[in-house]
Amino acid sequence: MTNLPTPFERFIQGILPENPVYRQLLGLCPTLAVTNGLKPALTMAVAVGAVLLSANIIISLIRNLLKPHLRIVVFTLTIATFVTIVDRLLAAYLYQMSKALGPYIPLIIVNCIIICRCEVCASRQNVLAASADAVGQAIGFGLALTGIAAIREILGTGMIAGVQLLPTAWPSWVIMVLPPGAFLTFGLLLALVNWIDSVRSNNEGRKG
Amino acid sequence: MERALKKRTAGVADRLKNSNFAQAWLILVLALIFGVALAAVQANLSGVIAANKLNETLERVPELVWGTATAARMASQNASVDITPGTVTIKKDLKTSYYNLFRVTHEGKLAGWVVKAGGQGYADKIELIIGLDPGADTITGLFVLQQKETPGLGNKITFPRWRNQFIRKKTSTPLVVTKGKSQVPNGIDAVTGATISSRSVTGIVNRTIRDVKGRLTPATIRFYERQL
Amino acid sequence: MDYIFDIFLISISAALINNFVLYYFVGICPFIGVSRRVDMALGMGSAVTFVMTIAVFLSWTITTLVLMPGAPVSRWVAGHFMSAEKAAGIDLTILTYIIYIFSIASSVQFVEMYVRKFYPPLYKSFGVFLPLITTNCAILFACLTVMSNIIGGENPIEAWDLGRALALGLFGGAGFTIAIVIMAGIREELDLCDIPAPFKGAAITLIVGGILAMAFMGFNGVDSGLKAALTGAP
């Protein structure tokens, strides 16, 4: 019987060590697409978190009934249902944001993060561990998204969430809010995270 | 003989148990539960979503017909404004196009029209609503519903300062876009660095007015009940 | 003639101007992960194009016949249970996402069976990639674009017909293939370069992708110019 991580370990792992975006390189489509502003990024992070938590709880509750070769179908059905519900809730109560996010909300269905967590964690551990995992991963995802969004929005428009941060004399780097800016920002941040990680493991190697 | 028969029935029972249908019971139960959940969501939220979509345009209508200040004053006085949606069909050169519009009446009198229009911008489609006076002789307002122009350049067409150029322009002659301060009465200053976006919006306005002018009569418009 | 211009504009737009990978950010995972050799990238791109066309065909058919408000098949079925005018308002769009993802999964299964039976060496070289196409955002995105052009429009007369939908699917996949093949070619060269350690792997691929996206931005505005040239006034 392999030692599965405790709920607390699952929670902590999701935030930085096993960050879905920077470490596992999953869920990159929304990371690049909706980070041209802080508000869309936060909305997407909350939406993904909600779907991830609901799907993890349901799958964890029925984990003993899953047949091996039909489990992907069950995962897909559950995730698609919750994404439909979240999409409708957004269209009803946050209509402008729903229009801004457009087709990227239904694309949560094929977001690798959710299927991966269902497969790795929810289908094997109890509800508490699955929920902790979902919350941790969602926080990690949110941190990644807001980091990229903050940089793109500040450099691209001088504003953050619609509030003017830099003086209006700042020549907005419009490329930052356009597609190339997404690639470049994320690439540079990924290199930064890799560098920090390698420095830290070097230090630990020298100490030990 | 008996043992062979028993083995065969056991084999059939086993096959039934492992058949796809039996194993799929979980999926069928889940599909049923989720179906009920989705039906509940649809029943509760579809009205709210449809209202959101309609209100997006409806709440702009007063300020397009009367201007922002007057519309705000009327709203604070709870003035009764009747907005009736309708469609006008234009048949031209074998092509049929539809324009969705709203007839705005205040205290029984026709106050103006608001026409929904769209067309190709620089980057993607642009959707506008245009306010016209009762005779469709003057433009009373312009609002950009949807655009995907370049941020910082083309998307300045949404700024009130640029849109307000269209107010009080006569519809008798088409509007022209000029770079820099325009000297003619039907001129529109282009956004600096976004000539194509400015031209697209002006082109959409010109085309809509040309199509719709003279057809804003009860005979040619099909009105329908507002479903709210 | 107008129809052919429309198809042409949709195709150019989907392939180059609004490239699925470099403008809409769908299909990023294979773009970063898979593209390391040009022939593999070409194979992956062709598989995605094939599946995308089939999936778009399925989603257009199902949306037009079953899902959209007042669709013929649902109306006929509902007419047996309720009055004709209530049946005319039947709206099954809430089931769209579920039906789409399952039709994509079935398309992938179908393509996998077809390739395994008729092109075994191709199947062996694909390995695990074929089932992974199910979670490729690009295919679901193409289906969603088709849906928004059928249901979302103001005027029912502007709803897309099957030809336009298939054009989007085919040329969207072609655009994806173009992007991923260019990326594979660049990565082949990058393998010979001296890249700093933090940038190795996904980071340098993303930065190169950004420069590639900048290059494709040059196509911006081509479709509005083409439209003006082909149809007279815009």
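Guide: Gladly! Let's begin with surface: the accessible surface of chain B comes to about 13,300 Å², and carbon and sulfur atoms hold 56% of it. Accessible areas come from the Shrake-Rupley method with a 1.4 Å probe, and for residues only the protein chains shown count as cover. This is a predicted model, in which local features need pLDDT of at least 70 and side-chain atom pairs count only at pLDDT 80 or more, while totals for chains, interfaces and linings use all residues. Residues are numbered from 1 along each chain as its sequence is written, chains are lettered from A in the order in which they are written, and side-chain values use heavy atoms, without hydrogens and water.

Visitor: Which helix and strand counts does chain B have?

Guide: Helices (H or I, at least four residues) and strands (E, at least two) are DSSP runs, numbered from the N terminus. Chain B has seven helices and eight strands, whereas chain C has twelve helices and zero strands.

Visitor: How much of each chain is buried?

Guide: Buried means under 20% relative accessible area, exposed over 50%, and partly exposed in between (1.4 Å probe, protein chains only). In chain B, 41% of the 228 residues are buried; in chain C, 48% of the 234 residues are.

Visitor: What can a phi angle tell me?

Guide: Most residues other than glycine have a negative phi. Glu107(B) has a positive phi, near 55°, and sits in the loop between β2 (95-106) and β3 (109-120) of chain B. Arg168(B) also has a positive phi, of about 70°, and belongs to the loop between α6 (160-163) and β6 (176-178) of chain B.

Visitor: Why does Arg168(B) count as exposed?

Guide: Because its relative accessibility is 69%. Glu107(B) is exposed too, with a relative accessible area of 65%.

Visitor: And is Asn111(A) buried or exposed?

Guide: Asn111(A) counts as buried because its relative accessibility is 2%. Its place is the loop between α5 (95-101) and α6 (112-122) of chain A. Contact means heavy atoms within 4.5 Å. Leaving aside neighbours within four places in sequence, Asn111(A) is in contact with Gly27(A), Pro30(A) and Val48(A).

Visitor: How should I read a nonpolar core?

Guide: Think of a set of buried Ala, Val, Leu, Ile, Met, Phe, Trp, Tyr and Cys residues joined through side-chain atoms within 4.5 Å. The largest one here has 132 residues, and those touching the most other members are Leu107(A), Ile108(A), Phe183(A), Leu22(C), Ile28(C) and Phe31(C). Helix α4 (residues 71-93) of chain A gives this core its largest share, twelve residues. Apart from it lies another core of 29 residues, including Ile130(B) and Leu142(B).

Visitor: Which residues does Ile28(C) touch?

Guide: Not counting residues up to four places away in sequence, Ile28(C) touches Leu28(A), Cys29(A), Leu32(A), Phe183(A) and Val21(C).

Visitor: How many residues of chain A and chain C are in contact?

Guide: There are 35 residues of chain A in contact with 34 residues of chain C. Buried area is the accessible area (1.4 Å probe) that two parts lose on being put together, summed over both. For chain A and chain C that is about 3,100 Å², with 85% of it on carbon and sulfur atoms. On the chain A side, Cys29(A), Val110(A) and Phe183(A) lose the most area to chain C, together 21% of what that side buries.
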